[in-house]
Amino acid sequence: MNYATIKNCDIANGPGVRVSLFVSGCTHRCPGCFNEVAWDFNYGEPFTQDTIDYLLQLLRPDYIQGITLLGGEPFEPQNQEAVVELLRQVKKTYPKKSVWAFSGYLFEKDILSGRIGNTEEFLSYLDVLVDGPFIEAKKNLSLRFRGSENQRLIDVPASLQKGETVLWQDWQGERKEMK
Ligand code: SF4
């Protein structure tokens, strides 16, 4: 896998201050995509153990709430192995830090169904999945953590436990705290 960008202080892609990894490669090709250069699987730098070590170092400060994976497409079958190895090491080192991922695939139809491979271990590390492609006609700039109204914030542990899709609710609590 290659990666396009690493952000060490991201406040736009999940709650709190986060480290973000933008992987390379995406086959969805959504019109209006915010990161078209990362459609190419060869774009950017090779993702290696040194990259993982660097990310683990960036995640160390207490003020970093967790890591967010986006792209490109972290769930592309050819990206999953490298992403899962990263998450294995992140969860081993920082079990309390949260993990968010953005995907153009749909949670039930593509990911849970096994259509894009066995994603069981990947999902076991996720707190929130933002799913679905970016749809320009449904673009809404007032949405938090997503670009278009079709995209959902999914509470992955609750969904796996209940056997049905549960939307992530915490941000409403966060809003109350902000008042
Ligand atoms: S899924 Fe994301 S990265 Fe891929 S084309 Fe759509 S908006 Fe761009």
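**View 1. Lining of the largest pocket, by residue class.** The lining holds 14 nonpolar, 11 polar and three charged residues. Ala, Val, Leu, Ile, Met, Phe, Trp, Tyr, Cys and Pro count as nonpolar; Asp, Glu, Lys and Arg count as charged; the others, Gly among them, count as polar. The model is predicted: local features need pLDDT of at least 70, side-chain atom pairs count only at pLDDT 80 or more, and totals for chains, interfaces and linings use all residues. Residues are numbered from 1 along each chain as its sequence is written, and side-chain values use heavy atoms, without hydrogens and water.

**View 2. Space in the largest pocket.** The largest pocket holds about 610 Å³ of space. Lining residues number 28, and Phe34, Phe102, Phe134, Gly147 and Gln151 are the closest to the pocket centre. A pocket is an open set of points on a 1 Å grid over the protein atoms alone, where a 1.4 Å probe fits, with protein on both sides within 12 Å along at least five of seven lines; lining residues have an atom within 4 Å of a point. Volume is the space filled by probe spheres set on the points, which are joined across faces, edges and corners.

**View 3. Ligand shell.** The ligand takes up the space of the largest pocket (more than half of its atoms lie within 2 Å of the grid points). Around the ligand are Cys26, His28, Arg29, Cys30, Cys33, Trp39, Gly71, Gly72, Gly104 and Phe134 (a heavy atom within 4 Å). Five of these shell residues are nonpolar, four polar and one charged.

**View 4. Strands β4 and β5.** Strand β4 (residues 64-70) runs parallel to strand β5 (residues 98-102), joined by four bridges. Gly66 has Ser98 in β5 as its bridge partner. Strands are DSSP runs (E, at least two residues), numbered from the N terminus.

Methods. Pairing = 2+ DSSP bridges.
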